[in-house]
Amino acid sequence: MELQRLCLSGVCSKNLISSFHYGRRVSMMLREVEDLLKPNGDFKAVAAEVVVTGCVVEERPLQPVIFGQETMLERAWKHLMDDETAIMGLYGMGGVGKTTLLTQINNKFREAVDGFQIVIWVVVSSDLRVEKIQDDIAKKLGLRGEEWDMKEEIDKVTDIHAKLKNKKFVLLLDDIWTKIDLTEIGVPFPTKENGCKVVFTTRSKEVCGRMGVDDPMEVQCLTDNEAWDLFKRKVGPLTLKSYPSIPEQARKVTRKCCGLPLALNVIGETMSCKRTIQEWDLAVQVLNSYAADFSGMEDRILPILKYSYDNLKSEHIKSCFQYCSLFPEDYLIEKEKLIDYWICEGFISEKEDRERRVNQGYDIIGTLVRSCLLLEEEDNKSKVKLHDVVREMSLWISSDFGENREKCIVRAGVGLCEVPKVEKWSAVEKMSLMINKIEEVSGSPNFSKLTTLFLQENMPLASISGEFFKCMPKLVVLDLSENLGLNRLPEEISELNSLKYLDLSRTMILRLPVGLWKLKKLVHLYLEGMRDLLSMDGISKLSSLRTLKLLGCKQLRFDKSCKELVLLKHLEVLTIEIKSKLVLEKLFFSHMGRRCVEKVVIKGTWQESFGFLNFPTILRSLKGSCFLSLSSVAIKDCGVKDLKWLLFAPNLIHLTLVNLLQLEEVVSIEEADEMQVQGVVLFGKLETLLMSDLPEVKSIYGTPLPFPCLREMDIEQCPKLGKLPLSSKSVAEVESVILSLRVDYVIAPLKVLQSLKDSPAIPDDEKYSVRKLSPDTAAHYNFTNK
């Protein structure tokens, strides 16, 4: 009691009180207090700071062996211990091992000698309740009992803050789904000065940003070898050795888990007692057909992943996510096509202008990527894909959790040779039979609810009967692309009155059916790569058409249909290959062309095309940025001298120049000054530049350009090109850039190229030297800016 009185009166410091939590030091501290009570006691010692020799941290249980996190734990710990790191976020998909990694970090603090006094673990979960978080923290701090329970929230904030403000603490928050305001709880904000740390796990990269973490650490799935090691441990050696071919089937099951620890653990445990080959064969069959039927999937795996789906903001975003499951496993989905599908399905409003619709589509993709429901390719940002187990979750949801499996029939990439039998055709809303071996599509099924039909990439497909299209009143998306055996379409396609999206790209069709022009609601028509297509007469009748893609239609001549194309008043996107001066002038440089052309290949014979890009009259009439949609330009086999019109294409991403014998300079400074295009950074969005067989070209541009987006510059057979428009400041904001120089003279100096990585102090106007190499020598420079 006397000790308590002294403490309350302020004779003992808070450091002394906190030290009473350490068992073996209690008796020592009591003796020190007794010495202070003596008449001649030295009270100066009261104010001295007590050195904390350990950290109050509760060890949390872990499985005996953890696979694939050694490197990640080391990297996370190193980052956390950096003085500059106050808050660290760990994000990743459900079941990937975020909590396991956080548990290892918690336990590692038992050995830490960095002066941390207390580590607090709080499980947050999706139903965020501030009071629960406060209670968990208070319990760790010794604030408990009836008095604590009776306090108002604001008083709890004050008490927690008072307890923590003089402590060097670590707060571990597991499974957060939204931003947590630390001040609302009472936790002092961690800073470099107070040395405190906050670490949290989440499924959302967006939450990391809201918590102020710019560089969160992604907890990734296991590698193939790590996954196999984990699965073997779960199944056990006796089961794997019980039949010679079980290990082979076990590897197939492992691959279906796609490195997700949750799936590997649950499925491994389920299979650990299966010691006949028939049981393993059945497991593979079930996982390949409808994985939700596999034991443990519906109750232990899919519901956990579904939390991420449930957390999506709107039903439209949820529908967009489910749509992605129509594609096969590991399929890379083009973002632009995916957005067009979504628009036609009504998930994105058609009332907005194109730019806003596309931006909304990219925003939805970004939301799904940040929620770890879609995966973005590191080296190809234009495509996304689904993790295999997440795809199974999506299919499970689309079938009303297994109750209505015919609602969404997805048999993509499974080797089908014919259209599958369906008990109730009228229940089917979406069907994907892409990437199979179907040879013929026939019959007259009653698809009264069908809105999407994927039949693309069935290489043997040669025939589709007219009867097949007769009862599809709601079909809006039909994809028949990549069917190299398909050379005709039936006239009955005209009965698809609701059709908005039709893709016939890379088929062998010679003539489009007359009935096609009756599709008054058709918005997107993809005909790219139709090498044998002879005519497009009647195209102007498609009054609702907004997207028309014609690149690679080798036989098409637009001299006749040019007038029809100009009549498409609602057209927003056009891709086209131009081979004549007439089409170039009447279409490309027309008002419609300047507004709509997104990708263009300009190619022609020498006699016809000599100087055919020199249109001073037209160019003088242009004002400001005219080719706003233009993203890709390829000019080949032409006698072109002048490319000044590129100044009017501020959104150019890809530029290819091949076999232009007259070209001396891509764009001259004088031309740029003369054109006076205000507010345009030349090649400001350019990502790739390919130049090949340009014997006279001496310069791309007279002075260095910033190239803020450049990723690849490939130059071949440009013998007179002695200078690149690069300086030490070029591509400074780009993570990596590849320069491939295959020329008689390699443009250098190497130190200037090296400056793209190291940024040494080099004058911007330094001349590029020329180093002689043999004609077949290639110099490749791959620089990374970090």
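In the predicted model, residues F558, D559, C562, L565 and V566 of helix 21 are in contact with L582, V583, K586 and L587 of helix 22. Sorted by class, the residues of this contact comprise 7 that are nonpolar, none that are polar and 2 that are charged. Two packed helices are described by the angle between their axes together with the distance between those axes. For helix 21, which covers residues 558-566, and helix 22, which covers residues 581-588, the angle is about 0° and the axes lie 10 Å apart. Because angles under 35 degrees count as roughly parallel, helix 21 and helix 22 are roughly parallel to each other.

A second pair of helices is formed by helix 14 (residues 261-271) and helix 16 (residues 297-310), whose axes are 10 Å apart and whose packing angle is about 175°. This angle makes helix 14 roughly antiparallel to helix 16, since angles over 145 degrees are counted in that way. On the side of helix 14 the contact involves L262, A263, V266, I267 and E269, while helix 16 contributes M297, R300, I301 and I304. By class, the contact of helix 14 with helix 16 contains 7 nonpolar residues, no polar residues and 2 charged residues.

From helix 18 the residues K335, E336, L338, I339, D340, W342 and I343 take part, and they meet R354, R357, V358, G361, Y362, I364, I365 and L368 of helix 19. The residues of the contact between helix 18 and helix 19 divide into 9 nonpolar, 1 polar and 5 charged.

Within helix 19, the buried residues are R357, V358, G361, I364, I365, G366, T367 and L368. The buried residues of helix 19 pack against helix 17 (315-323), helix 18 (335-345) and strand 8 (383-385). At the N-terminal end, helix 19 is capped by D353, which has a side-chain oxygen 3.2 Å from the backbone nitrogen of E355. Following helix 19 is C372, a residue with a positive phi, near 65°.

D400 is not a glycine, yet its phi is positive, at about 55°, and D400 belongs to the loop between helix 20 (388-398) and strand 9 (408-410). With a relative accessible area of 31%, D400 is partly exposed. For E457, likewise a residue other than glycine, phi is positive and near 60°. E457 is placed in the loop between strand 12 (452-454) and strand 13 (463-464), and its relative accessible area of 21% makes E457 partly exposed.

Another loop residue, R411, is situated between strand 9 and strand 10, the latter comprising residues 430-432. R411 is partly exposed, with a relative accessible area of 33%. Although R411 and M431 are 20 residues apart along the chain, their C-alpha atoms are separated by 8.0 Å. When neighbours within four places in sequence are left aside, the residues in contact with R411 are L416, S432, L433, M434 and N436.

Helix 5, spanning residues 98-108, is mostly covered, as 8 of its 11 residues are buried. These buried residues of helix 5 are K98, L101, L102, T103, Q104, I105, N106 and N107.

For the chain as a whole, the model contains 27 helices and 27 strands. Of its 786 residues, 51% are buried. Among contacts between residues at least 6 apart in sequence, 63% join residues that are at least 24 apart.

Definitions and conventions. Residues numbered from 1 in each chain as written. Predicted model: local features only at pLDDT ≥ 70, side-chain atom pairs only at ≥ 80, totals over all residues. Heavy atoms only, no water. Axes fitted to C-alpha atoms, helices over the stretch in contact; angles between N-to-C directions. Helix = DSSP H or I, 4+ residues; strand = E, 2+ residues; numbered from the N terminus. Parallel < 35°, antiparallel > 145°, perpendicular 65-115°, else oblique. Contact = heavy atoms within 4.5 Å. Nonpolar A, V, L, I, M, F, W, Y, C, P; charged D, E, K, R; others polar. Buried < 20%, exposed > 50% of the residue type's maximum accessible area, 1.4 Å probe, protein only. Polar contact = N/O pair within 3.5 Å; in protein donor to acceptor, adjacent residues only side chain to side chain.
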